[in-house]
Amino acid sequence: MSENIRRVLYLSHAPEAVYTLWRASMPEGCELLTLSANDDAERLEKLAIADAVIVAPSVLQPEWVAKAPRLKLVQHQGVGWQGETPIAELRERGIRLAINPSGTADVVSEHALALIFACLRHIPRTDAAIRRGEWLGTALRPVSRNLRGRTVGIVGMGRIGSALAALLQPFKVRGLYADPYQRLPEGLELALNFRRVELDELLRESEVISLHLPATAETHHLFSDDAFARMRPDAVLVNCARGAVLDEAALARALQAGSIRSAAIDVFEPEPPRPDNPLFGLPNVVLTPHIAAGTLDAMQAKVRGATANLGRFFRGEPLADEIDLAACP
């Protein structure tokens, strides 16, 4: 292979259809390296010749950085980099890091809304029942709820949380949000009917809680026994953020005890979840396999955004959405 070619490794093993999307958008002079299997030996072999790596969902492990002597850029496919990036190792080598918000807010907020409906209206439960010949009919009327008029709490009011707040507008919800770092402009708060409150008030009053916060040391297991004990017994919890922000064993205890009504979980700790995950046997939890951002439309947007950034990098132009590693702890 010519040394003039820049080699970009897609770190995850993916279907050929995904690779085809990326290959078609690679900047001029770049070659996409792909994996034939979900195999770390092959990852390390190709990392050794990669000039850049596209990360998601597989995580770049700290010990791998030393085995990638040509690596100069880590480009995230999406926005979730906190808690999943070997910051010290990248910083020591001068390797740059960029994220890619393209397409994420719209698609993840849509999935969160779908999961809210799945819980409030018991959609997975009724689907499973009718397939096994059980006609629930009126049986769920005492427990199913409308979304319209509910009090909805959003934890983390960044791009995705804000997009969900906008999607909720037709339903006339009473909105609360908790975010120690982000405050919406007063006019936008009024327009969206979302009021900034402390987390304790949000937990106490919300009938639906949707999580949209990063995985950091500060947010690790933020939702555990104590948080669930402060929630309403009719509350619905949705997590499309990161698995580490929620203690799954504590959530299972809360669901079993009726401390909260139901939950919908798209992200796990670890991924994929272990076969003995305590959530698997519970009827009042909806589970999806980290697919909140997983639509063709979102992937096409992510491919365009990430490959445009790769092109900027190799042409020596400023990166979009670069993370300042010098400012990271």
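Start with the largest nonpolar core, which has 42 residues. Select Tyr 10, Trp 22, Leu 60 and Val 74: these touch the most other members. A nonpolar core here is a set of buried Ala, Val, Leu, Ile, Met, Phe, Trp, Tyr and Cys residues joined through side-chain atoms within 4.5 Å. Buried means under 20% relative accessible area, exposed over 50%, and partly exposed in between, with a 1.4 Å probe and protein chains only.

This is a predicted model, where local features need pLDDT of at least 70, side-chain atom pairs count only at pLDDT 80 or more, and totals for chains, interfaces and linings use all residues. Residues are numbered from 1 along each chain as its sequence is written, and side-chain values use heavy atoms, with hydrogens and water left out.

Now colour the elements that supply this core. β1 (6-10), α1 (16-25), β2 (30-33), β3 (52-55), β4 (73-76), α3 (87-93) and α11 (296-314) each give at least two residues. α11 gives the most, six residues. Helices (H or I, at least four residues) and strands (E, at least two) are DSSP runs, numbered from the N terminus.

Centre on Trp 22. Leaving out residues up to four places away in sequence, Trp 22 touches Tyr 10, Leu 32, Ile 54, Gln 77, Met 299, Lys 302, Val 303, Ala 306 and Thr 307. Contact means heavy atoms within 4.5 Å.

**Salt bridges**

Next, show the charged side chains. The count comes to 19 salt bridges, each a side-chain nitrogen of Lys or Arg within 4 Å of a carboxyl oxygen of Asp or Glu.

Pick Arg 70 and Asp 51, whose side chains meet at 3.1 Å, N to O. The pair links distant parts of the chain, 19 residues apart. Arg 70 is in the loop between β3 and β4, and Asp 51 is in the loop between α2 (40-47) and β3. Buried or partly exposed: which is Asp 51? Asp 51 counts as buried, at 0% relative accessibility. Arg 70 counts as partly exposed, at 23%.

Move to Arg 230 and Asp 200, a salt bridge at 2.9 Å, N to O. Arg 230 sits in the loop between α9 (225-229) and β10 (236-239), while Asp 200 is in helix α8 (residues 199-205), 30 residues apart. Both count as partly exposed, Arg 230 at 30% and Asp 200 at 34%.

Arg 195 is partly exposed, at 39% relative accessibility. Then select Arg 150, Glu 207, Arg 232 and Asp 234, which are linked in a network of salt bridges.

**Backbone stops**

Switch to the backbone. A cis peptide bond joins Ala 56 and Pro 57, with omega about -5°. Pro 57 lies in the loop between β3 and β4. The bond from Glu 269 to Pro 270 is also cis, with omega near 0°. Find Pro 270 in the loop between β11 (262-265) and β12 (285-287).

Go to His 122, in the loop between α4 (104-120) and α5 (123-131). His 122 is not a glycine, yet has a positive phi of about 55°. His 122 is buried, with a relative accessible area of 13%.

Finish at Lys 172, in the loop between α6 (159-167) and β7 (174-178). Lys 172 has a positive phi of about 55°, although not a glycine. Lys 172 counts as exposed, at 62% relative accessibility.
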